[in-house]
Amino acid sequence: MSDLDRAIAQLRACRPIPEPQVRELCYRARELLIEEANVVTVDAPVTICGDIHGQFHDLMELFRVAGDVPDTSYLFMGDFVDRGFYSLESFLLLLCLKVRYPDRITLIRGNHESRQITTVYGFYDECVRKYGSANVWRYCCEVFDYLALGALILGASTDVPENRMQTTQGGGDTQTTLPDVEGEIECEVLDASGEVREKVLRRQFSVRPEAGAGSRISPAPERDVEEPSSPTRESRSSPGVGARPQQPQMGSLFKPPPTTTGALLCVHGGLSPLIQNLNAIRLLDRKQEVPHEGAMCDLLWSDPDDIEGWGLSPRGAGFLFGADIVRKFNHANDLSMICRAHQLVMEGYKEMFDKQIVTVWSAPNYCYRCGNVAAVMEVGEDGSNGGAIRRVGNGEGRREMVGHGQEGMGSRNVVGDGQTNGQPNANGNGNEGSGAVFWNLATPGRRYRVFEAAPQGTRGMPAKKPVGEYFL
Ligand SMILES: [Mn+2]
C-alpha cells in the first residue's frame, strides 16, 4: 500500500494526516493543478457535485449514493471548506483522490477557497485547532490558488445516463412503477436508495409517483415558473423543453427541438459582465487569491436571478444575471447548459431559465440545521456519436454538424462557416438584432440523485453553532 493509499484510508476514516504528509500532498497537488487550464476539459460520463462545506460524513454519503472514486468520474464545483466541522478531512481527502486518480476527479474553485473567506468562516480555526499552527491552512491556501476556475464537459448525451448504481435490495427490480410513457426521457430524479422519484419526458410530461394514489402524469408547464413571461421572451426562447410539440416545418420560426447537445460549462458561481466567451476565461491569470472584483471574482460569486440583464449582488461580490444573459452566453458558446453551485436549494438542485442553467447543491442539512436535501447530477456519454457537435466553446460562434443531413439542418440554424440557413438567426456572429431568434442546443439527458444528511453519531455532531450569514 502506497503512502497515498494509506493517507486516503486514514482520511476516509475522518482522521487527519500528519502535517509533513499534508505538505507533501499539497506540493504534489499543485504540480498537477498548475498544468490544468483555467477551464478544464472533462469528458462525459461524469457526476457533478456542488458545495460540500466541510460536511465530511455527508461527503461519504454522497460517495455511497453516487459511487466511489475511481469507479465514478467526479466534478466538484468548489466550496469544499468552511461552515462544517470537517473542512480539513473533506478537502484533504478530495485532494488525495485528485493526486491518486487525476483523470477521475476534477476540482474547481469556489469562493470559499480563499484566504480571506476561510479566516472568517471556519477553515482557518479548524486547522489551528487540529494542528496547533496555521501551517496546514497555509499549504491548503496555496493549493486553492491553483484550482481551475471552470470545467467544460464534452461528449454529453441527450439520453439519460446509464444507471450504474442500480438498487439490488429485494433481489430484483425495485424501481418505483411509473406508468408507461411514450417518448424520450430527458431527466430522471432518484432518491438515495435508487428509487425513481420523477421522470421528465423531453418537452412533454413530468411523471412522478404519488403515495397511495398511483402515478400522476401531468403536462409540463409551458415554461419554468421562474421565468417571467413576456411576448418578447417567448419569441426568443428555445423551442425545446416546455414548448408545445411542433411538427417539423422548414422555414418556420418554430422548429422541432434540437437533436444535439453542446458542452456544459461548470463554474462555482456564474457569469460575469466582463466575460462574453470561454476564451476570456482562459486568458485570466488565475494563480492568485480570489480578487474582490473583476472577472475571476464574478465567476466564483455571481448568482442567476429573475431579472433582465445584470444586477447588483446582495453578497457584495459578483453580480446577479438574468435569463437573457444566460441564453445569449450559451448560444454564443455552443453550450447546452450551465451547471453551478453556490446557492442553497432545498431540493438539492434547481433548473432555471428554460433549463439553461442549473444549481446543484451537495451539502444536505446545510450547517447541520437548514433541513435541505442534497443532490448530484449525472451526465451520460454520447455513444451514438451521430450529429454530435464536437467542437464547442471556442467563442467564435463556429459550429459543426457531424454526420447529420436534413434532420440536423432543420433542427437548428447550424451552418459551417457564417452562412445563414435562410433563417432569421445570426449564426453567432454578432448581429443579434431585435429580430434574432436563439435556437439553443438540446439540454443533456441527466439524472439527479437526491440524498439526505448522513446519520450523525456523537463524532458528527456540531460542537457549536456555525457562524455568519447563511448565503455566503
Ligand atoms: Mn459559494
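Which residues does V360 touch, not counting residues up to four places away in sequence?

1. V360 touches I48, C49, G50, M77, C339, A341, Y349, A375, V376 and M377, with that exclusion; contact here means C-beta atoms, placed from the backbone, within 7 Å. The model is predicted: local features need pLDDT of at least 70, side-chain atom pairs count only at pLDDT 80 or more, and totals for chains, interfaces and linings use all residues. Residues are numbered from 1 along each chain as its sequence is written.

2. V360 is also one of the four residues, with I48, I153 and C266, that touch the most other members of the largest nonpolar core, which has 110 residues. Such a core is a set of buried Ala, Val, Leu, Ile, Met, Phe, Trp, Tyr and Cys residues joined through C-beta atoms within 7 Å, buried meaning 20 or more other C-beta atoms within 10 Å of the residue's own. Helix α4 (residues 87–100) supplies the largest share of this core, 9 residues; helices are DSSP runs (H or I, at least four residues), numbered from the N terminus.

3. Helix α2 (residues 19–33) packs on α7 at about 10°, the axes being 9 Å apart. Axes are lines fitted to C-alpha atoms over the stretch in contact, and angles run from 0 to 180 degrees between N-to-C directions. The pair is therefore roughly parallel (under 35 degrees). Its contact residues divide into 8 nonpolar, 1 polar and 4 charged (nonpolar: Ala, Val, Leu, Ile, Met, Phe, Trp, Tyr, Cys and Pro; charged: Asp, Glu, Lys and Arg; polar: the others, Gly among them).

4. Helix α6 (residues 123–131) meets α7 (residues 135–144) at about 135°, with axes 7 Å apart. F123, Y124, C127 and Y131 of α6 contact N135, V136 and W137 of α7.

Terms used. Helices (H or I, at least four residues) and strands (E, at least two) are DSSP runs, numbered from the N terminus. Two residues are in contact if their C-beta atoms, placed from the backbone, lie within 7 Å. Angles under 35 degrees count as roughly parallel, over 145 as roughly antiparallel, 65 to 115 as roughly perpendicular and the rest as oblique. A residue is buried if 20 or more other C-beta atoms lie within 10 Å of its own, exposed if 12 or fewer, and partly exposed in between; C-beta atoms are placed from the backbone.
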